[in-house]
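Hello,

Here is the structure I promised to pass on. Have a look at it first, and then read my notes below.

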Amino acid sequence: MIYRETGQFKANYADDQALFPIAQDRYVIYAVLFATFAVVPMILNQYWLNAIILPFLIYSLAALGLNVLTGYCGQVSLGTGGFMAVGAFSIYKLMVAVPELGFITLVILSGIITAAVGALFGLPSLRIKGFYLAVATLASQFFLIWLFNKVGWFFNYNATGMITSPPMTIFGVLVTGPEATVTAKYFLVASIVAVFALVAKNLARGRFGRNWMAIRDMDIAAELIGVRPLIAKLSAFAVSSFYIGMAGALYFAVWLGSAEPTEAFDINQSFLVLFMIIIGGLGSVLGSFLGAGFLVLMPILLKNILVDGFGTDSALAAHIEIMTVGALIIIFLIVEPHGLARLWRIAKEKLRLWPFPY
Amino acid sequence: MLFFIEVTLSGLMAGVMYSLVALGFVLIFKASGIFNFAQGVMALFAALTLVGFMDEFGMPVWLAIIGTIAVMIALAWVIERVMLRHLVNQEPIILFMATIGLAYVLEGLGDILWGSDVKVLDIGIPQGAWDWLWDQGIYVEKLELFAAATAAILVIFLAIFFQKTRTGRALRAVADDHQAALSVGISLHTIWVIVWSVSGIVALVAGIMWGSKSGVQFSLSLIALKALPVLILGGFTSVPGAIIGGMIIGVGEKLAEVYLGPFVGGAIENWFAYMLALAFLLFRPQGLFGERIIERV
Amino acid sequence: MSARQFGDTILEVNNISLSFGVMKVLDNISFDIKKGEIRSIIGPNGAGKSSMLNVINGFYHPQEGTITFKGETRKAMAPHVAASHGIARTFQNIALFKGMSTLDNIMTGRNLKMKTNIFWQALHLGPARKEELENREAAERIIDFLDIQAIRKKPVGKLPYGLQKRVELGRALAAEPELLLLDEPMAGMNSEEKEDMSRFIIDVNDEFGTTIALIEHDMGVVMDLSDRVVVLDYGKQLADGFPEEVRANQKVIDAYLGVPHE
């Protein structure tokens, strides 16, 4: 009964074009923002923030990025792990070389560097499509990881090949390094994610978003009505990599603290983020969050149930987890290829009409 | 010069091993348009099952192989029932992602059933250097030679199967046009079970070869990733393409590792194949043996 | 009908030949289109009609011959160049963006009118917002014109066939083209839908002054609609002229009209 748009009239196109045309949706967003910045840090303990909320937010950012490329523009990429590594190593080099620019600037710069690398590796998409492209993006994954492993310049020639994030502050508050509090990290990451989720939504509903979707739905027709594939595809690769690069930078500098390329950014990361957008919903900003939340929470839940609840051996539990993730992917693709976001939309439609069937 | 020949030969042999995996991809792609990402894990799963039958149930080799073949056929049936059947009209890319899910399921299942420790697989394939060439100063593994011979036999067998048998012709009909095949009464479901069974058996062969060479372990499933550039090079639908593509990748990779590797820090075989395939794609997007695509609106 | 007066030649194709491998699809085709007219290309299946349209808007590149559009002569051009010079089209098998709404499809058709860069787009403020609203108004005018207000926010993939054809026309119109290419706009329609579509075509031509080149199977419709008609058969040009001339042409009767159709 509460979720009604009756009586909300749009007098001009500007109102109809608004981000959330239905008033109740706006209230929900305000509530979520309020919860994110006021309630969550108050009620959740350090473990929750660090083990669940931080990775959830960072993966959401990566999933947003991949969703731009795969969900909106229809180009499947298996190179997410590699691009996250570009972001991580960029911010490492920047933090060591030019810390005076400030951490947020460095995060954005890492995103921009990754965007350039992403656009470069997106070039083959102009000649090849579909599976061929998916395989081609694997090239970037393997090549980039190899590069960060072998070329000493990237990890400043230290003996272990590990990179460790030096402490940095924003407004005098430590946000990286072992001394930084989880709460400070949380506010930083949540702010960045909130801003760039809005940006993604804006891009998706504007000219760029439409051109991406046009390429996805029917590339030849898109080209014939004047969408330039070169610009549409490369901009999708660049924007996507920008997000993934920032996610990689935060993943390393804020969350992990130190990283080693073969472990932190291997091909399983690529699959994990891809799974997030499949389960969450291809071509949906909300879906990126839902998918990330689902795949961050599920292993923890499953582990709690199996290991703590039934006393299952932890190696076996890990195998069961892998199987469950795989099975879920198949189930989602069969039952609801549009993911959790679609389920949410259906629920909303039902709610609008409730208690009437239609 | 001798060293160059040795490197080339060992590249060729390694390439044949890639081809064995690529072959399974091609079969499924030809008959159903599905890019089966789980092919490598299928090889791992088959090898695990074989070792399990031999070690845990004490079966003789021949019985264990027959048992594994039965398991792979049963697996194909289950995959068709539970997964493919429900995804018939989906876009190819959705099916592709479903096979990534399948890869995870099979990996988890194999580990749960048979454990994830490294296993030794010995079904009596000769090991060590091939004496005759060794006398000439060239080192070639007997095992790899055996693999090459097996691959050749497999290809001949598949060629006969596709050209001469009724089922084979039906498979080709489905590959050409799903709808037309349906309208003349070929059951898509049966065809899919058959083709997934065949590539399950091909996966078993690949699993045996790779397992004998380097033990049965998780990394086996990663050889699938090596087979992908082979596919790009050879074209997704061409059996000879898979073989020749495999050899080109194998030789290219070995030569690059030996002659180029030292200058850039080594271990380039992880990505070199991909770059080679990619460079190739930019000039010939349909692969070596693929057909030229004329786009229509 | 044939008494209508037209302006200058807007498009001229000269000695166009196109082949795929050994198959000759178009063989030495020449004709012109005058500003403001409705020009039809007809012919039996496989005559090369669609290929002709594909050549005009740059999707196929002919081996021989030239195309002169608005005084500029060229052998071939990239599709997006053709589009930016004012050539829009619809497709034989509807090529809408199925995952998008009617409104978004039409807005995509206005892509070439939109210029703001990615940074304003990301903020959705200032010039980007203004541009979006201006183009939304233009899109709404087309929605009104085609009478599809009710399906504005519906995903086009789920619309009935006739409506999809109409949305596709809308998407092409959104670009405000000077030359509109219609590839079998009435294929697969019932007679009522055909009548509607004919009305829209005439209205577009009348109200916006858009030059139209169309391919059509339905002879009755073509003869009523068109100012002039080109007839193709197996890639060869059989006739070119006013509908009544074409109707009387013996070669055309033999190749096409003489055979009972449908």
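How many residues does the contact take from chain A and from chain B? It takes 41 residues from chain A and 50 residues from chain B, where contact means heavy atoms within 4.5 Å. Between these two chains about 4000 Å² is buried, and carbon and sulfur atoms give 82% of that area. A:Phe131, A:Tyr132 and A:Trp146 supply 18% of what chain A buries against chain B, more than any other three residues. (Buried area is the accessible area, with a 1.4 Å probe, that two parts lose on being put together, summed over both.)

A word on the basis: this is a predicted model, where local features need pLDDT of at least 70, side-chain atom pairs count only at pLDDT 80 or more, and totals for chains, interfaces and linings use all residues. Residues are numbered from 1 along each chain as its sequence is written, chains are lettered from A and ligands numbered from 1 in the order in which they are written, and side-chain values use heavy atoms, leaving out hydrogens and water.

Now to chain C. Its C-alpha trace spans about 60 × 40 × 40 Å along the principal axes. Of the 262 residues in chain C, 57% are buried, meaning under 20% relative accessible area (1.4 Å probe, protein chains only). Among the contacts in chain C with a separation of 6 or more, 66% come from residues 24 or more positions apart.

Enjoy exploring it!

Best wishes

Conventions:
Buried means under 20% relative accessible area, exposed over 50%, partly exposed in between (1.4 Å probe, protein chains only).
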